[in-house]
Amino acid sequence: MISENVEKFLKEMPVKNPFGETVRLVAAVKTQSVEAINEAIAAGITMIGDNHAQEFRDKYEGICGSPQRHFIGRMQTNKLKYLVGRCDLYQSVDRLSIAEALSSKSASSGVISDILIEINPGGEESKGGFKPSEAAYACAEICKMPSLRICGLMAMLPESEDEAYLRSLARNMRALYDGLRAEYKDFRYLSMGMSGDWKLCVECGSNMIRIGTALFGKRNYN
Ligand SMILES: *Cc1c(COP(=O)(O)O)cnc(C)c1O
C-alpha cells in the first residue's frame, strides 16, 4: 500500500516547478512506524520530516537507507538535544528565541545547522511562524547567529475551499522568497504544500513539498 502510494506520487509530481527548479518531496512521517517509513524509503523517498523530537530520537537508528532528516514540527529548546547534529534541515524555525537556542546548541556541538524560517501566511492563531511582514527582520536577526545557515522559507497555507485565496497566499510567499533570495545566498528552498494543496503550491513556485496522508494514508493518533 505505502510503496504503491509512493511510486504513484513520484510519477504524478512534476520534476520541476514553473520556475525551472527541482521539486523535492519530503515524507511527513509523524505517527508512522519505522517499518512504514522504511517501506516508503525503499519505494523511493529520500527525505523524511518529523514533528516530534522524541519520535525523531526513538526512530533514528531504525531508519534504513540514509534519507535526509528534516524537522517540521514545533521546536522546543529543551528537546533540541535530540536533534542537533542529526537533523539535515530544521524547517520550522518560527521565533527568534528558538533560533538563538539552536545556534548555541549547534555551536557547542561543533556543527552549522541548516534552517528554514517558518512563515504563517494566513495569519492563523493556531499556527506558529513569522508574519510575512516580519520575514526580512527575522532573516536579518537570524543571519547574525553564527551557527545557523538560512536556506529559505517554510509555510503552511490555511485550510480553505477558496482556491483563489490560497493561490494568492502562495504567490505572495513566492514573491517574499524571491525578494529574500536576492539578498541571502544560501536561499534555495521554498517548502510549501501538503497532501491537500501541493499542486497549487508547486504551480505558484514551491520547490519542496511535505506529504503525509497521500503516502501513508490517514494518520492514527492513538
Ligand atoms: C503533517 C504535516 C504535513 C503533511 O500533512 P498531510 O496533509 O498529511 O500531507 C506537512 N507539514 C507539516 C508541518 C506537518 O505537520
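Colleague: Why is methionine 208 called buried?

Modeller: Methionine 208 has a relative accessible area of 0%, and buried means under 20%, with exposed meaning over 50% and partly exposed in between, for a 1.4 Å probe and protein chains only, so methionine 208 counts as buried. This is a predicted model, in which local features need pLDDT of at least 70 and side-chain atom pairs count only at pLDDT 80 or more, whereas totals for chains, interfaces and linings use all residues. Residues are numbered from 1 along each chain as its sequence is written, and side-chain values use heavy atoms, with hydrogens and water left out.

Colleague: Where does methionine 208 sit, and how many residues separate methionine 208 from leucine 25 along the chain?

Modeller: Methionine 208 belongs to strand S8, where strands (E, at least two residues) and helices (H or I, at least four) are DSSP runs numbered from the N terminus. Methionine 208 and leucine 25 are 183 residues apart along the chain, while their C-alpha atoms are separated by 5.9 Å. Isoleucine 115, in strand S5 (residues 113-119), is also 84 residues along the chain from threonine 31, with 23 Å between the two C-alpha atoms. Isoleucine 115 is buried, at 0% relative accessible area.

Colleague: What makes asparagine 207 count as buried, and which side chain does asparagine 207 join in a polar contact?

Modeller: The relative accessibility of asparagine 207 is 2%, so this residue of the loop between helix H7 (198-203) and strand S8 (208-211) falls under the limit for buried. Its side chain and that of glutamate 21 are joined by a polar contact of 3.2 Å, the term standing for a pair of N or O atoms within 3.5 Å (within protein, one must be able to donate a hydrogen and the other to accept it, and residues adjacent in sequence count only if both atoms are side-chain atoms). The side chain of asparagine 207 also reaches the backbone oxygen of arginine 188, at 3.0 Å.

Colleague: Why is the pair of glutamate 61 and arginine 86 called a salt bridge?

Modeller: A salt bridge is a side-chain nitrogen of Lys or Arg within 4 Å of a carboxyl oxygen of Asp or Glu, and the N to O distance between these two side chains is 3.6 Å, so the pair meets the definition. The pair links distant parts of the chain, 25 residues apart, with glutamate 61 in the loop between helix H3 (53-60) and strand S3 (68-71), and arginine 86 in the loop between S3 and strand S4 (89-93). Glutamate 61 is exposed at 65%, whereas arginine 86 is partly exposed at 27%. Side chains of opposite charge can pair when their charged atoms come close.

Colleague: How many salt bridges does the structure hold, and which residues form a network of them?

Modeller: The structure holds 17 salt bridges, and Glu21, Arg174, Asp178 and Arg181 are linked in a network of them. Another salt bridge pairs aspartate 94 with arginine 95, whose closest N and O atoms are 2.7 Å apart, and aspartate 94 counts as buried at 9% relative accessibility. In the salt bridge of arginine 57 and aspartate 58 the closest N and O atoms are 3.0 Å apart; arginine 57 is partly exposed at 32%, and aspartate 58 is exposed at 55%.
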